[in-house]
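Subject: Structure handover

Hello,

I am passing this structure on to you, with my notes below it. Please look through the model first and then read on.

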Amino acid sequence: MLLALKSRRTIRHFKDQPISEEQIHKIIEADRYSPTATNLQNVRYTVLIGNTMREFERVSMAAIRKVIGLAKPFSSAAKTTRIEDDFLFHHAPVAILISAKKSPMDRFGADVNGALAAAHMETQAESMGLGVLVSGFTIISMKISRKARKTIGLERGEKPVACLVIGYPSIKHRRIPPRKEAKIRIR
Ligand SMILES: Cc1cc2nc3c(=O)[nH]c(=O)nc-3n(C[C@H](O)[C@H](O)[C@H](O)COP(=O)(O)O)c2cc1C
């Protein structure tokens, strides 16, 4: 298990190969038994495929480009950053948006529950030979674009937490990457 976790890498290049419904259900099943704050079991999964996925990416990229455009006079990074149309999903066949319904019982549980979901589902997908990209920009685009949120159909009080972009990898990483030392406190 530890070796599998240490060899995990972000995948941004995917084969033109579909993922079956059964595989998607298996990945989601990996989260059903995760702990949730006050046992809320409030995590939701939106599976993006086909035209909806492409439309979401188009709408989101328009919003991201608009924000970068506004930042150009103030930021040299914004001036030089070039982002491609497939910047969010890299032609992957599936993206699963993980959201969590906020609860007055537990104000911070949504983030932790969603993050645990992302971790467990990512590990499950990799154990099935799939590659995963955790797409933070997808969550940012949902924060800045009402149109993007509408494409997903989020309900009131439902917070987007993480997005897993999933497909068969078309590249192979052969090395475990160097990491910072763990900062551990024992008291
Ligand atoms: C919360 C989160 C958001 C991320 N967002 C993006 C993203 O929007 N685009 C991207 O290409 N990579 C994204 N990544 C992947 C990181 O860039 C990647 O994990 C990091 O560079 C280390 O590389 P590795 O995963 O291959 O070890 C994200 C990772 C996390 C955990």
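The shell around the ligand consists of Arg-9, Thr-10, Arg-12, Leu-133, Val-134, Ser-135, Gly-136, Phe-137 and Pro-177. A residue is near a molecule here if its C-beta atom, placed from the backbone, lies within 6 Å of it. Helices (H or I, at least four residues) and strands (E, at least two) are DSSP runs, numbered from the N terminus. By class, the shell has four nonpolar, three polar and two charged residues. Nonpolar covers Ala, Val, Leu, Ile, Met, Phe, Trp, Tyr, Cys and Pro; charged covers Asp, Glu, Lys and Arg; the others, Gly among them, count as polar.

This is a predicted model, in which local features need pLDDT of at least 70 and side-chain atom pairs count only at pLDDT 80 or more, while totals for chains, interfaces and linings use all residues. Residues are numbered from 1 along each chain as its sequence is written.

The sheet

Four strands form an open sheet in the order β1-β2-β4-β3, with antiparallel pairing. Two strands pair if DSSP finds at least two bridges between them. β1 and β3 are the edge strands, each pairing on one side only. On average, neighbouring strands of this sheet are turned by 25 degrees against each other, direction ignored. Axes are lines fitted to C-alpha atoms, for helices over the stretch in contact, and angles run from 0 to 180 degrees between N-to-C directions.

β1 and β2 run antiparallel and are joined by seven bridges. Val-43 has Ala-100 in β2 as its bridge partner, and Leu-48 has Ala-95 in β2. Eight bridges join β2 to β4, also an antiparallel pair; here Ala-95 is partnered by Val-165 in β4.

Helix α5 (residues 109-127) lies across β1, β2, β3 and β4 (158-167), and runs at about 10 degrees to β4.

The core

Seven of the eight residues of β2 are buried, which leaves the strand mostly covered. Buried means 20 or more other C-beta atoms within 10 Å of the residue's own, exposed means 12 or fewer, and partly exposed lies in between; C-beta atoms are placed from the backbone.

The largest nonpolar core has 34 residues, and those with the most contacts inside it are Ala-95, Ile-96, Ile-98, Val-132, Leu-164, Val-165 and Ile-166. Such a core is a set of buried Ala, Val, Leu, Ile, Met, Phe, Trp, Tyr and Cys residues joined through C-beta atoms within 7 Å. At least two of its residues come from each of β1, α3 (50-71), β2, α5, β3 and β4. Leaving aside residues up to four places away in sequence, Leu-164 touches Ala-95, Ile-96, Ala-118, Met-121, Glu-122, Val-132 and Val-134. Contact means that the C-beta atoms of two residues, placed from the backbone, lie within 7 Å.

Single residues

Most residues other than glycine have a negative phi. Asn-39 has a positive phi, near 50 degrees, and sits in the loop between α2 (21-29) and β1 (43-49). Asn-39 counts as exposed because it has 9 C-beta neighbours inside 10 Å. The phi of His-91 is also positive, near 60 degrees; His-91 is in the loop between α4 (76-80) and β2 (94-101). With 16 C-beta neighbours inside 10 Å, His-91 is partly exposed.

Gln-23 belongs to helix α2. Its C-alpha atom is 8.3 Å from that of Ala-125, 102 residues apart along the chain.

Regards
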